[in-house]
Amino acid sequence: MPSPIEDEYATLDPLAVRIATHEKHSAQPDDVDAAVSAALNLAGTEHLLDVGCGTGKFLARLRNSRHHGTLIGVDISPAALRSIRALPNVCAVGATATALPFSNEAVDVVTARHMLYHVEQPVTALEEFRRVTKQNGTVALVINHPHVTPRIRELIETRATKYGIAAPTQLMYPIDSRNLPNLVNEVFGNYTIVRYDNALVFSSPQPLIAFAISLLGFSGVTLEHPARRAIMRDIAEHVRAWFATSSGPWRDEKGYVVITTTCR
Ligand SMILES: C[S@@+](CC[C@H](N)C(=O)[O-])C[C@H]1O[C@@H](n2cnc3c(N)ncnc32)[C@H](O)[C@@H]1O
């Protein structure tokens, strides 16, 4: 039986909806790739490993910006690996963050963006990032604030609970912008942090409905769940009714931090 993470990322469609929604419906421009690139200040020659690379959007953008160093995407999801293999001049490696199949000091830079909350043992992952990074190399991490988009989460949770569905354990662990800095300090002894506070703002129902549906798996409403259709209908009706009776846009707070640390 697939694990909740394998289930969630069996297809990257929901992830792609979330990425597109953040790009199109944020109060302030939200560009994680640019935020990480700014923190790294890359020369373009670095050997870079992106752990939990998902669609490979970040690696593709680096390659298109004429990054000459080796680019490697690591993921546990076969769908993610298929996506990376389609990119020119990017290596795809199927592996977990806590056991990277690379020698010590193999790369100049490790990035792990929006993925450490999927890892039960984040300190083991951080130790792996440190092991495979050269001395004076950099590790860049992106992690959400706790309780992002609380209104949308409540919209989903209420309906999942109504059908007796519980969020799966082994999908999301409580790693966020409050506790990751201390873990990074324990492993690396240094870090710098840049905070990005933002909000999702929807002025019409459809993009909000699509975004909520893309999050259903996190609440245990998997693609195959028998109540999924009814929950999707319920969410759509609620959102349409809200827009029909409210004057303002739907606003939901969100944000993340970019943490960079040097391997000494
Ligand atoms: C929220 S997505 C983020 C994708 C990408 N980093 C981004 O910013 O768009 C999380 C990704 O981490 C991957 N993942 C989850 N647990 C992992 C692990 N233990 N090791 C490697 N990848 C993992 C998932 O398969 C998924 O592709």
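## Around the ligand

Of the 19 residues around the ligand, the nearest are Gly 52, Asp 75, Thr 96, Ala 97 and Arg 113. Keep in mind as you look that this is a predicted model.

Three of these neighbours are worth a look at atom level. Asp 75 uses its side chain: a polar atom there lies 2.6 Å from an oxygen atom of the ligand. Ala 97 uses its backbone instead, with an N or O atom 2.9 Å from a ligand nitrogen atom. Arg 113 likewise places a backbone N or O atom 2.9 Å from a nitrogen atom of the ligand.

## Helix 10

Now turn to helix 10, which covers residues 228-245. Its 18 residues should span 26 Å at 1.5 Å a residue, and because the end C-alpha atoms are 26 Å apart, the model agrees with that expectation.

Which residues of helix 10 are buried? They are Arg 228, Ala 230, Ile 231, Asp 234, Ile 235, Ala 236, Val 239, Trp 242 and Phe 243. The elements that cover them include helix 7 (150-162), strand 6 (192-202), helix 9 (205-214) and strand 7 (250-262).

## An aromatic cluster

The whole structure holds 4 aromatic pairs. One of them joins Trp 242 and Phe 243 edge-to-face, with 5.0 Å from centre to centre and 80° between the planes. Both Trp 242 and Phe 243 are buried.

Together with Trp 250, Trp 242 and Phe 243 make up one aromatic cluster.

Terms used:
Residues numbered from 1 in each chain as written. Predicted model: local features only at pLDDT ≥ 70, side-chain atom pairs only at ≥ 80, totals over all residues. Heavy atoms only, no water. Helix = DSSP H or I, 4+ residues; strand = E, 2+ residues; numbered from the N terminus. Expected span 1.5 Å × (residues − 1). Buried < 20%, exposed > 50% of the residue type's maximum accessible area, 1.4 Å probe, protein only. Contact = heavy atoms within 4.5 Å. Phe/Tyr/Trp six-rings, centres within 6.5 Å; stacked < 30°, edge-to-face > 60°. Near = heavy atom within 4 Å. Polar contact = N/O pair within 3.5 Å; in protein donor to acceptor, adjacent residues only side chain to side chain.
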